[in-house]
Every structure is written in structure tokens, then in C-alpha cells.
Amino acid sequence: MPTTLVTGCNRGIGLQIVTQLHARGDDVIGVCRHASSELRLSGIRIIDGIDVSSGESVAKLKAQLGDEVIDVLINNAGILRRDAFGELDYDSMLEQYAVNALGPLRVTEALAGNLQDGSKVAIVSSRVGSIEDNGSGGNWGYRASKTAVNMIGTNLMHELRPRGIAVALLHPGLVATDMTGNTGISTAESARGLIARIDELTMENTGGFWHAEGYTLPW
Ligand SMILES: NC(=O)c1ccc[n+]([C@@H]2O[C@H](COP(=O)([O-])OP(=O)(O)OC[C@H]3O[C@@H](n4cnc5c(N)ncnc54)[C@H](OP(=O)(O)O)[C@@H]3O)[C@@H](O)[C@H]2O)c1
């Protein structure tokens, strides 16, 4: 049974991912800042107190895991801060970069020694990080942070390929969570798609940017 570690799993899409993986028998490690009651009731192994934007915090995560092998690492934690041209908050933009772009890199780098030949790394990015797909503008800090994580994911693909570790960038769809004001498809449907994409990830298709529904997105 594979061991899968998921960040940002106390609510939203992450909570559904860990719930579905646990239900099918995977060994799941749920990583979060504060465990919710739903997460606690799930019976999943939890490592809490972990902020993916903090080096000290991620070092604590590594210390708790020791040399335990991680077969699948899902970098899901993320934030969206609404903004508008003319009143941009640059500190908020940097915060989104720290969580959405540097967070997955920080966690993957810290846990690189826990990954082995055949392990997989998934990053929950967003299609709004696609330059080609940007048909409306807006969401300055969020879009730029997701574009940055797409580059980081592509670099991770090159970095980890010699070790036989595949990397995927995934868009979950427009999903009804706190982030979207509960607009969109259910977290259950999104998580099903994301898990299917991660199951299909191999060294042959490493480095792709996919919609949870299975089609490739433009960069
Ligand atoms: N919902 C959508 O339509 C949509 C679309 C495209 C991409 N995404 C991406 O999907 C992922 C999950 O989003 P969601 O919709 O499930 O959002 P959500 O319901 O707002 O959940 C976000 C999760 O990320 C965690 N998180 C935020 N900042 C963190 C930090 N510094 N350290 C550790 N954990 C942190 C949150 O933990 P706390 O409870 O501690 O804040 C929470 O568990 C994100 O990467 C998001 O950008 C979502």
C-alpha cells in the first residue's frame, strides 16, 4: 500500500483527497497547520503545526518523518487573495508567492530524501497560472504565483527525472471550497479526478500540466 503525503488537508480539496485515498486503503499522512474535526475523525495519520511557507516549520515536518519513504507527495496547500489593479497589495502578492510557489518547492526539497525510484510528486496548481489560457486578467498575485509554481514544477521534473521520480502539475477544476466562495464542482468530484491523474503519472508523461478531467492545459 503506497504512502501518500498531502499538504493542506484539513479542509477543501485536500480533505477530500486524503479521505478518498484512505478509503481505498492507501497509507495517508495528512499535513496541515491546524487539524479540523473532520480530519481528526477520519482516522488518518496527521502531522499538524506545519506552515508550508516557513522553513522552520517544514524542517519540523522532515524531522517527524525521518527516513520514512513517501511514494506520493501531493503539494495541495494554497491561498487566494483577491486584488485589483490600482490598489495592489504587494505584501499580499509576496505571501501568495511564498505559499503557492515556494511552498511546494520547500516541501519537495525538504522531503527529497524520502522519495525513491518510482515515487511521484503532484502539485495542485491552477489553470489561471497559464499564460496562454489567460483570457480575462485579474487575480494578479494568485495568477503570478501559479505561473511560478508551474516553472518550479517543470524544474522539479528535470531535477527528479534521473532518480525515477515523476512530477505532475494539476488543475483541480473550479471547485466549491472556501477559496471560491463555494462555487463550482464538489470537492469529491475534483479529488476523484486529481487522484486518477496521479495514478496515471509515469516517467513517460512526467512534467505535464493537466486538468483534473484528464486533458492537457497550455502553459
Ligand atoms: N477551489 C478551486 O476552484 C481551485 C482552483 C484552482 C486551484 N486550486 C488550488 O487547489 C488547492 C486547494 O485549494 P482549496 O480550494 O481546497 O482551498 P481551501 O479550501 O481554501 O483550502 C486551502 C488549504 O491550504 C491550506 N494552507 C493555506 N496556506 C497554508 C500554509 N501557509 N501552510 C499550510 N497550509 C496552508 C489551508 O489550511 P488552513 O486551514 O490552515 O488555512 C487549507 O487546508 C490550492 O493550491 C488552490 O490554489 C483551487
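Student: How do the residues of the shell around the ligand divide into nonpolar, polar and charged?
Tutor: They split into 11 nonpolar, 14 polar and 4 charged. Ala, Val, Leu, Ile, Met, Phe, Trp, Tyr, Cys and Pro count as nonpolar, Asp, Glu, Lys and Arg as charged, and the others, Gly among them, as polar. This is a predicted model: local features need pLDDT of at least 70, side-chain atom pairs count only at pLDDT 80 or more, and totals for chains, interfaces and linings use all residues. Residues are numbered from 1 along each chain as its sequence is written.

Student: Which residues come nearest to the ligand?
Tutor: Gly8, Gly12, Ala77, Gly78 and Thr177 come nearest, out of 29 residues around the ligand. A residue is near a molecule or strand if its C-beta atom, placed from the backbone, lies within 6 Å of it.

Student: And which element gives the most to that shell?
Tutor: H1, with 3 residues. Helices (H or I, at least four residues) and strands (E, at least two) are DSSP runs, numbered from the N terminus.

Student: Staying with H1, at what angle do the axes of H1 and H6 cross?
Tutor: Roughly 65°. The axes of H1 (residues 12-23) and H6 (residues 187-200) come within 8 Å. Axes are lines fitted to C-alpha atoms, for helices over the stretch in contact, and angles run from 0 to 180 degrees between N-to-C directions.

Student: Is the crossing left-handed or right-handed?
Tutor: The crossing of H1 and H6 is right-handed. A crossing is left-handed if the near helix is turned anticlockwise from the far one by less than a right angle, and right-handed if clockwise.

Student: Which residues make the contact?
Tutor: H1 brings Gly12, Ile13, Gln16, Ile17, Gln20 and Leu21. H6 brings Thr187, Ala188, Ser190, Ala191, Arg192, Leu194 and Ile195. By class, the contact has 7 nonpolar, 5 polar and 1 charged residues. Two residues are in contact if their C-beta atoms, placed from the backbone, lie within 7 Å.

Student: Switching to the sheet. What order do the strands have?
Tutor: S3-S2-S1-S4-S5-S6-S7, an open sheet of 7 strands with parallel pairing. Two strands pair if DSSP finds at least two bridges between them.

Student: Which strands stand at the edges?
Tutor: S3 (45-47) and S7 (209-211). Each has a single partner strand, so one side of each is left without a neighbour in the sheet. The twist averages 20° from one strand to the next.

Student: How many bridges join S4 to S5?
Tutor: There are 4, and the two strands run parallel. Asn75 stands opposite Ile123 in S5. S1 (residues 3-7) also pairs with S4 in the parallel sense, over 3 bridges. There, Thr4 stands opposite Val72 in S4.

Student: Are the faces of S4 covered or open?
Tutor: Both faces of S4 (residues 72-75) are covered. Val72 and Ile74 on one side and Leu73 and Asn75 on the other are all buried. A residue is buried if 20 or more other C-beta atoms lie within 10 Å of its own, exposed if 12 or fewer, and partly exposed in between, with C-beta atoms placed from the backbone. In a regular strand the side chains alternate between the two faces of the sheet.

Student: What does Val107 touch?
Tutor: Thr7, Val52, Val58 and Asn75, not counting residues up to four places away in sequence. Val107 lies in H4 (residues 90-110). The C-alpha atoms of Val107 and Asn75 are separated by 7.8 Å, though the two residues are 32 apart along the chain.

Student: Why does Val107 count as buried?
Tutor: Because Val107 has 25 C-beta neighbours inside 10 Å.

Student: Where does H5 lie?
Tutor: H5 (residues 140-160) lies across S5, S6 and S7 and runs at about 160° to S6.
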